[in-house]
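Biologist: Please walk me through this structure. I want to learn how to read each feature.

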Amino acid sequence: MRTRQVRAIALTLMLTGTLLGACSSGGGSSRTIEVDSNFDEFAGTFRAFFPRDVTVKPGMTLKFHQKWSGEPHTVTMGKEVQDRIEPEMLPLILRSTSKEPSDDEQFSDEVNAAVEKFFGELPFFFGEKGPNPPVAQPCYLKTGLPEEGKACPKQAQPAFAGTESYFNSGFIPYEGTSGNEFEMKIADDAKPGTYFYYCALHGAGMSGQIKVTKSGAVPSQASLNKQARKEIAEVAKPLLAGLKKEQAGNGAIKGNLAGSGDESLNGVKGQVNEFTPRTVRAKVNETVKWSFISNHSISFNVPPYIPIYKVKSGKVTGNDKVYEPAGGWPGRPEPTAEDEGPPVPSVDVDAGKFDGSGGLKSSGVDWQTGDTYSVTFTKPGTYPMACLIHPGMIGKVVVS
Ligand SMILES: [Cu+2]
């Protein structure tokens, strides 16, 4: 039971699923928080806000600027959220920017109860009835929580007053590599206090606090940026170490990898999205095999990037082009009754021969660590490949 609950809090999104911008009156009246991140040395997803904590005055504007890694995020808060953050839980989820609670840790009954309450009572994207519209779409309520499966009424975004019962950005919309911004005006009469916010797709571990103060000091954007860089580096450090190990051939799984990481990275607020090696060399008619680490796709002849989820008039759907296997290639077979885990046994799937023609060829996105996918290249040439979930995850196969 404990493990389940803790796993719930860690919620490191094995299943990856999929977002407003404007200008404010300048002159220091706004602050920007980075959502997710880019890192020079690898493509990755950072499940955190940088910096995590921010102080603002009533009347200021907060901008949540998302660096696009392929995974969607929300900024979700409000009284109903605040009421479910028990004092026992707060230090646990906010204690560090790099580590979420791991499965190996023992927690008190109070902490477990607090976690259960949070995840049991608040809406999350992966709902009981599938993708949950009031999480993926903006939702601003004065009383109560949104109903599972039902989109909230469309309305203009109100300024945040601190009195709302539920205040949710919805998925920060994909607007390309820049843009991707959720802007939130702090009402002129906002109630001073400390407000917890989190991503309602990735869970309480991806969270932070907004302090609204009338008379206190408000750190400059420069100092926020400095703190953000520090926190990004904290998350990136163990991820990069893991990747380097894999690049040297010393990872937990040998051979070509689609994805990165091992159990030692459980709880780190991020993941590397890379093919290792980025360039695979093969002979004509040689079969190339990749091992998945968490969920990615192995795809060739990929079209221009499309995000994994679309949100349209009250409905959230996965983009089939991303989700489904394509071009006649096999996806992950449905587990049989006997296979029902956890853990579900891993599978080895062979896509057969490929000469580079025939449009998009894709494994689809339903994979888990340890599954393998093989392709036999029948013509010399360079075959660029990509993961359809994570736009930064690219590689190639050079066949001679
Ligand atoms: Cu990927």
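## Reading the features

Modeller: Start with a torsion. About the S-S bond of Cys139 and Cys152 it is about -65°, so the disulfide is left-handed. A disulfide here is a pair of cysteine sulfur atoms within 2.5 Å. This one links distant parts of the chain: Cys139 lies in strand β9 (residues 139-141), Cys152 in the loop between β9 and β10 (166-168), 13 residues apart.

Biologist: What do the values rest on?

Modeller: This is a predicted model, in which local features need pLDDT of at least 70 and side-chain atom pairs count only at pLDDT 80 or more, while totals for chains, interfaces and linings use all residues. Residues are numbered from 1 along each chain as its sequence is written, and side-chain values use heavy atoms, leaving out hydrogens and water.

Biologist: How many disulfides does the structure hold?

Modeller: One. The S to S distance between Cys139 and Cys152 is 2.0 Å. Both cysteines are buried. Buried means under 20% relative accessible area, exposed over 50%, and partly exposed in between (1.4 Å probe, protein chains only).

Biologist: Which residues coordinate the copper ion?

Modeller: Look for donors first: N, O and S atoms within 2.8 Å of the metal (3.2 Å for Na, K and Ca). Water is not among the atoms, so sites may look incomplete. Here the donors are His296 (ND1), Cys387 (SG) and His390 (ND1), at 2.0 to 2.2 Å. Their spacing in sequence is H-x90-C-x2-H. His296 sits in the loop between β18 and β19 (299-300), and Cys387 in the loop between β25 (381-386) and β26 (394-399), 91 residues apart.

Biologist: Is His296 buried or exposed?

Modeller: Buried, because its relative accessible area is 0%. Cys387 also counts as buried, at 4%.

Biologist: What is the strand order of the open sheet?

Modeller: Strands are DSSP runs (E, at least two residues), numbered from the N terminus. Strands of a sheet pair through backbone hydrogen bonds, either parallel or antiparallel. Two strands pair if DSSP finds at least two bridges between them. This open sheet of five strands runs β16-β14-β18-β24-β22, with mixed pairing. β16 (275-276) and β22 are the edge strands, each pairing on one side only. β14 (residues 256-258) and β18 (residues 286-292) run parallel, joined by three bridges. Leu257 has Ser291 in β18 as its bridge partner.

Biologist: Which residues does Gly352 touch?

Modeller: Contact means heavy atoms within 4.5 Å. Gly352 touches Ser374, Val375 and Thr376, not counting residues up to four places away in sequence. Gly352 belongs to β22 (residues 348-354). Gly352 is partly exposed, because its relative accessible area is 23%.

How values were computed
Helices (H or I, at least four residues) and strands (E, at least two) are DSSP runs, numbered from the N terminus.
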